[in-house]
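Here is a short report for a reader meeting this structure for the first time. Please look at the sequence and the model, then read on.

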Amino acid sequence: MSETETEAAGGAAEAAAAGEAAAAGGAAAAGAGILAAIGQVRADVARLHAELVRYGLIVWTAGNVSGRVPGAELFVIKPSGVDYDELTPMNMILCDLDGNVVEGSAGSDLKPSSDTAAHAFVYRNMPEVGGVVHTHSTYATAWAARGEPIPCVITGMADEFGGEIPVGPFAIIGDDSIGRGIVATLSGHRSRAVLMRSHGVFTIGRNARDAVKAAVMTEDVARTIHIARQGGEPVPIAPEAIDALFARYQNIYGQPSEGAVH
Ligand SMILES: [Zn+2]
């Protein structure tokens, strides 16, 4: 990037930040902290879409990541139909928790993802959730097409999901019904993933990265257990062992910010 381009990019960022401050109720009310948080979530959400590509979870522009803005009634989601290579922090879209685009904010000239209403419903109804991901990843969606939960028959799945990955209801895109199905299925469930019947995967997490991790792990276990079944019926793991593995992984292994949201 040349100096002029850098300056231009800086200027555009400042103008957009001013728009976001104004939309959020004035610079003083919004506060520098909220603007910084919006900028961070924009950068995270834009970057994390590349992980969906890297792990082979999406084709074309299907699939989306969103992240809640900490300390604000806002979230950031990708625009609809834009090539993954063209996603940048400044064309991510800032929405309120009803799924309305924040007017005057960066990217607000684009349409948000067609799944925005579903993401918004999850954020409104699950305050502990900081990130939501949707994919049609192949093996997991094959389980969804059969309307069959993925059974917990490998220890890595017990660690990550604490049991089976459940199936949610059949729901048509365009209103709250997908969001309602996600919330009804995952509320109080250990799993951070739901297979929406005849559709695909939605995952939740403490933040956008955690939800992306859950989407990657969902496809991984969907594939492994599918392959296992080609040779016979997988051996179940005792429920007590699943409980112990889940507790250990969530409380001891890794960093405290990873793992279950409940
Ligand atoms: Zn979909």
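Arginine 124 is partly exposed, at 33% relative accessibility. Here buried means under 20% relative accessible area, exposed means over 50%, and partly exposed lies in between (1.4 Å probe, protein chains only). Aspartate 176 is also partly exposed, at 28% relative accessibility. Arginine 124 and aspartate 176 form a salt bridge, with their closest N and O atoms 3.7 Å apart. Arginine 124 sits in helix α3 (residues 116-125) and aspartate 176 in the loop between β5 (167-168) and α6 (177-186), so the pair ties together parts 52 residues apart in sequence.

A salt bridge is a side-chain nitrogen of Lys or Arg within 4 Å of a carboxyl oxygen of Asp or Glu. Side chains of opposite charge can pair when their charged atoms come close. A search of the whole structure finds 11 salt bridges.

## How to read the model

This is a predicted model, in which local features need pLDDT of at least 70, side-chain atom pairs count only at pLDDT 80 or more, and totals for chains, interfaces and linings use all residues. Residues are numbered from 1 along each chain as its sequence is written, and side-chain values use heavy atoms, with hydrogens and water left out.

Helices (H or I, at least four residues) and strands (E, at least two) are DSSP runs, numbered from the N terminus.

## A buried charge network

Glutamate 160 and arginine 192 are both buried. They form a salt bridge, and the closest N and O atoms are 2.8 Å apart. Glutamate 160 lies in helix α5 (residues 155-161) and arginine 192 in the loop between α6 and β6 (193-196), so this pair ties together parts 32 residues apart in sequence.

Arginine 192 has 0% relative accessibility. The side chain of arginine 192 also meets that of aspartate 210 in a salt bridge (2.9 Å, N to O). Aspartate 210 belongs to helix α7 (residues 208-230) and arginine 192 to the loop between α6 and β6, so the pair ties together parts 18 residues apart in sequence. Aspartate 210 is buried too, with a relative accessible area of 1%. Which residues do shared partners join into one network? They are Glu160, Arg192, Asp210 and Lys213.

## The zinc site

Three protein donors hold places around the zinc ion: His134 (NE2), His136 (NE2) and His199 (NE2), lying 2.0 to 2.1 Å from it. Donors are N, O and S atoms within 2.8 Å of the metal (3.2 Å for Na, K and Ca); water is not among the atoms, so sites may look incomplete. Along the chain, the donors follow the spacing H-x1-H-x62-H.

Histidine 136 and histidine 199 link distant parts of the chain, 63 residues apart. Histidine 136 is in the loop between β4 (131-135) and α4 (138-146), and histidine 199 is in the loop between β6 and β7. Histidine 136 is partly exposed, at 38% relative accessibility.

## The sheet

Seven strands form an open sheet with mixed pairing, in the order β3-β2-β1-β4-β7-β6-β5. Its edge strands are β3 (93-96) and β5, each pairing on one side only. Two strands pair if DSSP finds at least two bridges between them.

β6 and β7 pair in the antiparallel sense over four bridges. Valine 194 has phenylalanine 202, in β7, as its bridge partner.

## Two positive phi angles

Tryptophan 60 is not a glycine, yet its phi is positive, about 50 degrees. Tryptophan 60 is in the loop between α2 (27-54) and β1 (64-68). Is tryptophan 60 buried or exposed? Tryptophan 60 is exposed, with a relative accessible area of 75%.

Serine 198 also has a positive phi, near 60 degrees. Serine 198 lies in the loop between β6 and β7 (200-205). At 47% relative accessibility, serine 198 is partly exposed.

## One cavity

How many cavities of 30 Å³ or more are there? The count comes to one. On a 1 Å grid over the protein atoms alone, a cavity is a set of points where a 1.4 Å probe fits but cannot get out, and lining residues have an atom within 4 Å of a point. Grid points are joined across faces, edges and corners, and a volume is the space filled by probe spheres set on the points. The largest cavity holds about 30 Å³ of space.

Its lining residues include Ser114, Asp115, Ile173 and Ile178. Helix α3 gives the largest share of this lining, three residues.

How values were computed. On a 1 Å grid over the protein atoms alone, a cavity is a set of points where a 1.4 Å probe fits but cannot get out, and a pocket is an open set with protein on both sides within 12 Å along at least five of seven lines; lining residues have an atom within 4 Å of a point.
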